[in-house]
Amino acid sequence: MTQGKAEYVKGTLDLLILKIVALGPNHGYAIAQRLQQISKDFFQIHQGSLYPALHRLEDRGWLEAEWKDTETGRDAKFYTLTRKGRKHLEAELVNWERLTEAVALVLRTAE
Amino acid sequence: MHWVRRLFQKSRTEKHLDEELRFHLEQQIADYVAAGLRVDEARRRAQLEFGGLERVKEEVRDARWETHLDNLLRDFRYAFRSLRRDHSFSLTAIFALALGVGSCTIVFSVVYSALFDALPYKHFGRSVVVKMHNLANGGDLKDRKYFSPEEVRAFREQNHVFEDIIVYHGFRPSYDNGHFIHNFSFGMLVTTNTFDYLGVPPLLGRTISQEDGSPNAPPVFVMNYRLWQREFAGDPKTLNTTFILNGKPTTLVGIMPLQFNAFGTNFWEPFSPDQISGSLMGRLRPGVSVQTAAADLDAIAHRMHKANPGGIFAEDKFAIVPETLLDSLIGDFKKTLYALLGAVLLLLLIACSNVANLFLARATARQREIAMRATLGATHGRLIRQLLVESSVLASTASVAGWVLAYFGLKVVVALIPAGTLPEETVIRMHMPVLFLSLGLTILTTIFCGLAPALHVLRGELQPRLAGSGKASGGALGHGKLRAVLVVGEVALSLVLLTGAGLLMRSFFVLTRVDLGFDPKNVVYFQLNLSPSYFFKWGDTASIKNSLEKKNALTRQLLARMQALPGVTSVSELNNPPPLTSETSDTIIPGKPHAERWETTIDECSEGYFRTLGLPLLRGRLLSVDDASSARHVAVVNETFARKYFANEDALGHKVKFGNLDLPFVETPHDIYFEIVGIVRDFKTRDYVNPSWQTVPQAFMPYSVAGYSWRSFMARSAVDPKLLLKNFGQELRDLDPSVEIAESGTLESSLHKFYRGPQFELVTIASFAGIGLALVLIGIFSVMAYTVALRTHEIGVRVALGAQQTNILRLVLLNGFRLVAIGVLIGLLASYELTRFLASQISGVSATDPLTFAAVVTVIVLVALAACLLPARRAAAVDPLVALRYE
């Protein structure tokens with residue numbers, strides 16, 4: 001991830017991960033891939049940020065982890081959103097919308 | 001619970017993390033291969049992107065809480081190891097802290113128990129007792145606490161400051177147990193709201209209720225635990241039995257728990273509703289100050305006085321002075337507590353400087369270790385956490401040691417507190433808030449002392465410290481200065497403490513070694529407990545006269561029988577055994593007007609008084625047997641009386657009147673002028689409040705003029721006087737079996753009682769000063785030893801260049817003494833300012849007594865010398881060859 005983008009991501013990485021996991025249980029690699037795809041390559045999450053974040057979210061009880069077989073038959077750690085995580089995500093989404101709206105408003109009005 | 005599992009299956013967690021990250025890597029490689037890269041190229045690129053596997057793992061671990069716990073445990077292990085390795089440091093620091101914290105815990109416990117948890121009563125902090133203070137120059141009593149029914153009613157109805165008011169009045173009824181009638185204890189008449197006001201439930205039965213106060217209610221009373229145990233062996237069947245009190249059948253309806261001891265009496269009876277008079281206690285509304293209450297009550301009292309002049313204070317010159325209940329109970333002990341608090345805080349400061357000093361020395365020695373760890377990648381946060389853990393391990397150990405010390409120390413202190421200084425309800429023990437306070441204090445101290453030097457090291461450049469030899473490097477210089485400041489501070493603080501202790505000691509010697517002017521050896525005294533047959537009816541002149549004659553007859557007969565016993569040298573009747581003065585009276589001498597109040601301590605006694613005490617006659621004559629038997633209006637006065645009131649005249653032959661005898665409620669003939677017939681030498685007296693000895697105007701009249709029920713006797717003997725008490729008791733029983741001996745003792749033992757208050761303060765403060773001195777000794781020693789160790793190289797060079805052992809000795813000693821001298825100077829200035837606060841508690845010696853100051857300086861200098869000597873000798877013994885090779 002490049003320097004400039006890192007600034008945006010700092011507080012929002014947790015939110016993005018939760019949102020991706022909310023689409024369905026997934027392992028770390030797939031989460032990073034999905035994030036990159038959906039954001040059209042804007043977010044390229046480094047492992048050094050991704051895995052600490054995943055473990056932190058698991059620690060807080062927002063994600064649950066389970067070892068399962070992938071399609072290729074290999075064992076991988078799959079993350080699922082917990083009920084607590086879903087609640088948190090919803091709250092965060094509302095916050096995020098408010099924030100972006102407010103920022104947009106300021107930017108537009110101040111022109 | 002998967003987090004518990006994770007904690008205990010660390011290897012599994014690690015394995016899973018490894019697998020998870022490897023899976024990621026392999027997926028990436030597979031994707032690159034699928035995109036058309038060669039396998040080795042794909043692996044290279046994926047690995048490059050991934051960065052170090054270990055680094056990612058480390059970052060993941062940091063995100064998980066069990067790692068922090070793990071690190072913390074590791075920090076604890078490391079802290080224990082390093083404290084054990086440096087055990088002389090650890091033990092000294094723990095010792096100093098434990099002494100400081102232990103002493104603080106003791107004093108805090110006493111202060112907390114005596115000021116904040118003293119009484120078991122509801123909101124006792126807002127309870128005030130009301131006193132009327134006489135502002136007139138002449139006239140009657142100085143204070144009065146008794147309020148008439150009209151005054152009580154006015155205060156109850158018109159005040160704006162109290163939530164609730166209770167009234168109580170002491171009485172001593174006779175008790176007819178079917179065999180004989182006697183006074184079994186002191187009781188109180190109380191208003192019916194009293195028990196509700198105090199808010200303590202009864203142990204058995206019930207308390208006095210509203211209905212008990214109604215005019216036709218059957219008489220009831222409530223008993224305290226002590227009397228119940230003493231007289232009735234704690235038998236629950238005593239409850240609801242009927243006692244004949246003052247000839248009136250009264251039912252015991254309740255027994256109060258041991259802690260309940262309101263007004264220091266043994267039982268409580270309700271007032272009859274139309275006779276509520278006595279002492280007043282009120283609970284202030286929340287937020288109302290004692291001053292506001294004083295103004296409100298004062299206005300009521302003055303309004304009453306204007307509407308209806310007269311009463312005890314004839315003039316309109318009086319003030320209502322409320323005092324908090326606690327103040328009225330512990331009074332001057334509060335000052336002692338504040339002095340102790342001051343002393344113990346000084347001690348804590350000394351202990352802190354000591355610990356700070358030790359930590360500084362240690363930090364300097366550890367510079368290299370810290371610099372090394374920082375260079376190897378330990379973050380500042382990590383290092384600080386490590387040091388914090390170390391500090392808190394030390395603090396906790398010291399706290400526990402301090403508590404153990406305080407637990408035993410508190411027992412000693414409680415045993416030392418003189419009986420009667422604290423209310424009987426007060427139990428001194430360690431309270432949780434106090435323990436937490438002391439723990440907090442210790443942790444704060446250690447963290448402050450431990451972390452500050454470490455931060456100092458971290459802030460600076462690491463490189464030179466790493467390169468330097470760690471001990472002799474330049475960084476030590478800054479610390480050296482700080483250490484010197486700490487030593488100076490310690491010496492100064494300790495000097496203040498020692499001066500306080502020294503002044504108390506001097507004052508104590510003055511107090512106990514003073515020439516009292518009378519000879520207390522071999523004198524016993526006892527007080528009579530007269531039975532109701534000696535009492536009189538209020539307002540019945542015949543009954544009063546009869547009572548007076550009966551009392552005087554008993555006194556005369558008892559004196560004669562006592563005198564006849566073998567071994568008895570002389571006997572006397574009196575009001576109060578010296579040196580205590582209790583009855584102070586306004587003094588009126590015809591033809592001698594005076595602006596200020598003239599006060600004389602009066603005593604009604606028999607002719608043997610002067611001989612029994614060994615008071616020499618200076619002029620005129622003493623009281624004679626005839627004076628006593630025919631109640632002549634004559635008086636013997638002391639030197640001070642004659643000098644103060646008759647300056648250049650001869651006092652003999654003049655007449656004098658004492659205001660107390662004219663008081664309306666005293667069983668005395670009024671308006672008597674006594675002729676002064678003799679002058680005796682002064683002796684020293686004191687009262688309950690003021691600890692110092694005083695010489696006051698005194699006058700002695702024949703006991704037979706007044707009909708007091710308060711009768712005391714004393715006797716001087718050639719043998720051990722205590723043996724005589726039994727014989728006196730026998731003689732008394734022969735005369736009248738209904739009269740008993742109440743209190744008794746020797747004059748010497750009652751003198752010792754006065755010394756116990758000052759003794760308590762002296763012993764505690766002197767102990768703290770001693771501990772402080774020991775800490776200073778350790779402090780100076782450790783700093784000097786450290787400085788010598790630092791300068792071994794330099795000393796080696798000096799010796800190699802030809803310095804003599806004596807030169808080296810002088811060098812080190814001078815170095816130490818410079819610090820001590822500055823400390824002594826600062827300490828002297830501080831003492832000069834601070835001992836003023838002790839002035840009210842010392843007597844016979846000035847608060848800036850030069851002798852005490854000189855002695856204290858000598859002690860400090862000697863201790864400092866001892867502390868410097870060992871390191872100095874070690875320095876002088878430095879072998880230059882070893883010293884130079886040392887680097």
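Visitor: How many residues of chain A are in contact with residues of chain B?

Guide: In this predicted model, 13 residues of chain A are in contact with 17 residues of chain B. Contact here means that the C-beta atoms of two residues, placed from the backbone, lie within 7 Å. The model being predicted, local features need pLDDT of at least 70 and side-chain atom pairs count only at pLDDT 80 or more, whereas totals for chains, interfaces and linings use all residues. Residues are numbered from 1 along each chain as its sequence is written, and chains are lettered from A and ligands numbered from 1 in the order in which they are written.

Visitor: Which elements make up the side of chain A that touches chain B?

Guide: The elements giving two or more residues are α3 (28–38), α4 (47–59) and β3 (75–81) of chain A. The most comes from α4(A), with seven residues. Such elements are DSSP runs numbered from the N terminus: helices are H or I of at least four residues, and strands are E of at least two.

Visitor: What does chain A consist of?

Guide: Chain A has five helices and three strands, which follow one another from the N terminus as α-α-β-α-α-β-β-α.

Visitor: Why is chain B called more spread out than a compact globule?

Guide: Chain B comprises 26 helices and 24 strands. Its radius of gyration is 39 Å, well over the 29 Å that the globule rule gives for 887 residues, so chain B is more spread out than a compact globule. The radius is taken over C-alpha atoms, and the rule is 2.2 Å times the number of residues to the power 0.38. The C-alpha atoms of chain B fill a box of roughly 135 × 75 × 55 Å along the principal axes.

Visitor: How is chain B divided into domains?

Guide: The division gives domain 1 (2–63), domain 2 (124–330), domain 3 (334–514 + 754–885) and domain 4 (531–738). These bounds come from an automatic or database domain assignment. The centres of domain 1 and domain 4 of chain B, taken over C-alpha atoms, are 105 Å apart.

Visitor: What makes B:V677 a buried residue?

Guide: A residue is buried if 20 or more other C-beta atoms, placed from the backbone, lie within 10 Å of its own, exposed if 12 or fewer, and partly exposed in between. B:V677 has 20 C-beta neighbours inside 10 Å, so B:V677 counts as buried. This residue belongs to strand β21 (residues 674–680) of chain B. Beyond its neighbours within four places in sequence, B:V677 is in contact with residues including B:G620, B:V634 and B:L652.

Visitor: Why are B:N522 and B:H123 placed in the classes they have?

Guide: B:N522 has 20 C-beta neighbours inside 10 Å and therefore counts as buried. B:H123 has 14 other C-beta atoms within 10 Å, so B:H123 is partly exposed. Neither is a glycine, yet phi is positive at about 60 degrees in B:N522 and at about 45 degrees in B:H123. B:N522 is found in the loop between α16 (476–513) and β14 (523–529) of chain B, and B:H123 in the loop between α6 (87–116) and β1 (127–134) of chain B.

Visitor: Where does the largest nonpolar core lie, and why is that known?

Guide: This core has 144 residues, and B:L97, B:L347 and B:I780 are among those that touch the most other members. A nonpolar core is a set of buried Ala, Val, Leu, Ile, Met, Phe, Trp, Tyr and Cys residues joined through C-beta atoms within 7 Å. Its largest share, 18 residues, comes from helix α12 (residues 333–375) of chain B. Domain 2 and domain 3 of chain B both give residues to this core, so the core lies between them. A second, separate core of 50 residues includes B:F526 and B:W598.
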